[in-house]
Amino acid sequence: MARVALVTGGTRGIGAAICVALKEAGYTVAANFAGNEEAAAKFTEETGIKTYKWSVADYDACVAGIAKVEEELGPIDVLVNNAGITRDSMFHRMTREQWQEVIDTNLSGVFNMTHPVWPGMRERKFGRVVTISSINGQKGQAGQANYSAAKAGDLGFTKALAQEGARAGITVNAICPGYIGTDMVMAVPEKVRDAIISQIPVGRLGEPEEIARCVVFLASDDAGFITGSTITANGGQFFV
Ligand code: NDP
């Protein structure tokens, strides 16, 4: 039986590339998304991957959504916490809403998704949890106090949970992408984007598929001894 993988924010950008790469690697894949029905429908049409709509920021919706995926596809072996948003602002102008929305999605969303799948993974003595953090969780970024805090929190979560899951055959790892050419980065003004690219030693944005290949590796049996780790994939922009 093929292993089942659930990818949050799986219908666009990095998440979509992760879904496709996992499908090609032989997994049965479910792609969660938040609200962009049109992108989700197009994604299924192109890939044949089933999509499931709920917000990772809502714990009860995650419990119900995961139950539906498991009923239709089987127990979740691989969880990829990829959904994420930005609400950028310099701190002196940042509203409580901008802070809270990013924490709710990018940090609490990881709890909300991992908590319901964890007991099943423990019982079955196998699991893979991969969380997409960010270079800006490692180094901090002006204008992103909310995002940097959430993404750094994801790394702490990963290291703590790796210790709890180890004896149960569950690995918990993170990936910190640098700047990748998705909607999130293309929404940044072109001038700012050019300035970002000038700081990337390889001289270009990363491609979603380059992050997807890291996920496929961490999900594989070959990566069974790797847990609590962070793969840094940023074109040489920042060294931990
Ligand atoms: P995109 O904005 O291109 O896509 C985001 C995806 O997340 C969409 O599928 C979206 O669904 C979904 N999503 C957003 N909010 C929620 C929610 N509350 N519940 C469920 N799904 C949600 O993002 P990227 O592909 O660029 O980023 C993916 C991840 O990688 C994020 O965690 C991001 O922080 C991280 N990252 C990205 C980098 C980059 O340069 N792009 C760099 C470093 C990290 P919908 O289509 O319905 O809106």
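**Helix packing and the ligand shell**

Helix α3 (residues 59-73) and helix α4 (residues 96-124) have axes that come within 9 Å and cross at roughly 45 degrees. Here axes are lines fitted to C-alpha atoms, for helices over the stretch in contact, and angles run from 0 to 180 degrees between N-to-C directions. Helices (H or I, at least four residues) and strands (E, at least two) are DSSP runs numbered from the N terminus. The angle makes α3 oblique to α4, the term for whatever is not under 35 degrees (roughly parallel), over 145 (roughly antiparallel) or 65 to 115 (roughly perpendicular). On the α3 side the contact is made by Tyr59, Cys62, Val63 and Ile66, and on the α4 side by Asn112, Met113, Pro116 and Val117; contact requires C-beta atoms, placed from the backbone, within 7 Å. Seven of these residues are nonpolar, one is polar and none is charged, where Ala, Val, Leu, Ile, Met, Phe, Trp, Tyr, Cys and Pro count as nonpolar, Asp, Glu, Lys and Arg as charged, and the others, Gly among them, as polar.

The model is predicted, with local features needing pLDDT of at least 70 and side-chain atom pairs counting only at pLDDT 80 or more, while totals for chains, interfaces and linings use all residues. Residues are numbered from 1 along each chain as its sequence is written.

Around the ligand there are 31 residues, of which Gly9, Gly13, Asn36, Gly84 and Met184 come nearest; a residue is included if its C-beta atom, placed from the backbone, lies within 6 Å. The shell comprises 15 nonpolar, 14 polar and two charged residues. At least two shell residues come from each of α1 (13-24), β2 (28-33) and α7 (183-186).

Notes. Contact = placed C-beta atoms within 7 Å.
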